[in-house]
Amino acid sequence: MPKLIKDGRVVDDQWQGEILQPEQIPESPAAPVAVQLEPGQGPATIPCALSNLGLVTIFFPAFTDGRCFSYARELRESGYTGEIRATGHFIRDQLFYLQRCGFNAFQFAEEVDLDACLASLSDFSESYQAAVDQPEPLFLRR
Amino acid sequence: MYVYDQVDQRIIDERVAQFRDQTQRFLAGDIAEEHFLPLRLQNGLYVQRLAPMLRIAVPYGMMNSAQLRKLAEISRNFDKGYAHISTRQNVQLNWPELADVPDILAELASVQMHAVQTSGNCIRNTTTDQFAGVAVDELEDPRPWCEIIRQWSTFHPEFAFLPRKFKIAVCGTESDRAAIHAHDIGLELVPHPDSGEIGFKVLAGGGLGRTPVIGSVVCEWLPKKHLITYLEAILRVYNQLGRRDNKYKARIKILVKAMGVEAFREHVEEQWKALKDGPSTLTDAEIDRCKGFFTEPAYKQIDGLAAAATVKAQGEQNPEFGNWVTRNTVAHRVPGYRIVNISLKATGYAPGDISDVQMEAVADFADQYAFGELRSTHQQNLVLADVEQEHLFDLWQKLDALGLATANIGYLTDVICCPGGDYCALANAKSIPVAEAIQDRFDNLDYVYDLGPLDLNISGCMNACGHHHIGHIGVLGVDKKGAEFYQVSLGGSQDKDASIGKILGPSFQQEDMADVIEKLLTTFVGLRQSEESFLDAYRRVGLEPFKEAVYAKAD
């Protein structure tokens, strides 16, 4: 079973079903579905209510494509509380920022030492600006 | 100036630790070159022609004497004993070793400095007026706002992988010394037309580089408390819709142009709806906290007229000093004080370069004469902002002894110039030798003064680090079949009436550049009306007379 990082731990991939493209999803799915987003195909392309989703994967074609960061944040700001999984070609050194934007699962396309990667989730102990992990900016907490 | 508390210090220390680990993993072969690239760039590290280049951030150009002494020490211990002031008010080292960079960053952190986001496709160092807080024409000090923007943009998790670099400038004065029209976002502190309350005029989509564009007004007047949420909305639009398929079309200026400013504004307003009045809305407490770092120093009560009379008398006795006061010092809003520009444009030295010995001396002068603070300017000079007129003569003598009193601020030989092909891997052509040839040719200062204010800007390539588009005379190094040539443009301006220079015609060889500049200036002197400046004369007569003079066939 493929491994990934989820909620700060190395775990097996629990998602059993298919992962759909947004256009494959009905407006009112009967059971929770998984959807794959990618740059150019953001949260606005999801046809159903976010509460119908069991998993959102956001695919990085290249680690430098920063659109994915905004997509995760917009999903969280719209009230989605399920798993947001980064897939594809992001890198370990982005984990801290990805987590701040609302990603809580990370499935690398490349072979990496997942246990070693966990350290990068806590590169910083404090941040200036508000984000998903800390909705209040530092200036409200000084 | 802003002083770190424990949290600011912890964040910057953790950044050093993060990059130390990344550098070790890279040197051990555990991070691929392409993955390390943006990591090192966002820590200021380029790999250049001869060695890495480290760009150290000077947030909005403010430094204290301890920081400058640290820069002197670092340049001596890790480099060749000099540093370079860049056109973004930052400090560059040309010869550090990659393996030393984490140690350099740790040294910087010990004096509350860093190299964060000085490069890479992220929000860069926010810049402002080098005379902020002391200028006579200032509506409001822009520096607290720069600091608020610095904190918001530092390690912003959503905007570290933008389509391209992103630069913000703020100005709070009538005359724009921050070139806000040439930035991705330009912010101007302006009164509301009805209430008079001060807010921000927000421009977006300005920029230089390959496609120079003057910024468009996105918001005529934004209440101050909404600054961060509004910036966040602009960045979100740009991050999602900016082009990523072609790096030459990836800046926000291309997006704003392609969409039209009205459509762009609608997108921003749409994004802003979700953010406006949210937790990032600035509180009075935070605004006051930041303003509290930029209060007045302990100015003395001085009879301004008497102080000016003394300086005038000293100047009559020593005309060289008098001339320096006229050319290199600027009116201060407090009676009895002057703003002193320290010229880093002596002939024979690369524009903007300063040695370790000079840095240490200037740090001492800052302590003795200017409340321990100084500024770097985007014209690549330094400024002591609060000097008592009574001390000007002493200061001048000391600066002169160090080669730092060249009386040319704002004139032809105060050349703005990128490091160019001598150092930079991106450059098509050298820029420093062109600056030097021009400074050599025009060594008669009286002639230079007679020409009036003149911005000569030289860039070694399209990236336009020398801001050639907004020079009254701009010079751009171009590559023609492997040979270095120089294209000349006229009529650029960075002031409120900002304009992009027009290309004169076919490019020139390096050895002809001083002749070309001389022909342009002779033409100007011939057609100028009374005290007209070069820019005004150009705007009156256009490109043609200059073109004819420069490209005329020899008889």
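**Close-up views of a two-chain model**

**View 1. The interface between chain A and chain B.** Chain A and chain B bury about 3400 Å² between them, and 55% of that area falls on carbon and sulfur atoms. The model shown here and in the views that follow is predicted. On the side of chain A 35 residues take part in the contact, and they meet 43 residues of chain B. Eight salt bridges are counted between chain A and chain B. A salt bridge joins Arg244(B) to Asp65(A), with 3.6 Å between the closest N and O atoms.

**View 2. A salt bridge within helix 1 of chain B.** Over all chains the count of salt bridges comes to 44, and the pair in this view lies within chain B, where Arg25(B) forms a salt bridge with Asp21(B) and the closest N and O atoms are 3.1 Å apart. Both Arg25(B) and Asp21(B) belong to helix 1 (residues 6-27) of chain B, in which they are separated by four residues, or about one turn of the helix.

**View 3. Domain 2 and domain 4 of chain B.** Chain B is assigned domain 1 (6-109), domain 2 (135-293), domain 3 (304-401) and domain 4 (416-551). Between the C-alpha centres of domain 2 of chain B and domain 4 of chain B there is a distance of 31 Å, and the contact draws on 14 residues from domain 2 of chain B and 12 residues from domain 4 of chain B. Together these two domains of chain B bury about 1200 Å², of which 63% is on carbon and sulfur atoms, while the count of salt bridges between domain 2 of chain B and domain 4 of chain B is zero.

**View 4. The second largest pocket.** The space in the second largest pocket amounts to about 750 Å³. Its lining consists of 30 residues, of which Arg177(B), Gln379(B), Gly410(B), Asp455(B) and Gln494(B) are the closest to the centre of the pocket. Helix 11 (319-328), strand 11 (329-331) and helix 17 (534-541) of chain B are the elements that each contribute two or more residues to the lining of the second largest pocket. By residue class, the lining of this pocket comprises nine nonpolar, 13 polar and eight charged residues.

How values were computed: Residues are numbered from 1 along each chain as its sequence is written. Chains are lettered from A and ligands numbered from 1 in the order in which they are written. This is a predicted model: local features need pLDDT of at least 70, side-chain atom pairs count only at pLDDT 80 or more; totals for chains, interfaces and linings use all residues. Side-chain values use heavy atoms; hydrogens and water are left out. On a 1 Å grid over the protein atoms alone, a cavity is a set of points where a 1.4 Å probe fits but cannot get out, and a pocket is an open set with protein on both sides within 12 Å along at least five of seven lines; lining residues have an atom within 4 Å of a point. Grid points are joined across faces, edges and corners, and a volume is the space filled by probe spheres set on the points. Ala, Val, Leu, Ile, Met, Phe, Trp, Tyr, Cys and Pro count as nonpolar, Asp, Glu, Lys and Arg as charged, and the others, Gly among them, as polar. Domain bounds come from an automatic or database domain assignment. Contact means heavy atoms within 4.5 Å. Buried area is the accessible area (1.4 Å probe) that two parts lose on being put together, summed over both. A salt bridge is a side-chain nitrogen of Lys or Arg within 4 Å of a carboxyl oxygen of Asp or Glu.
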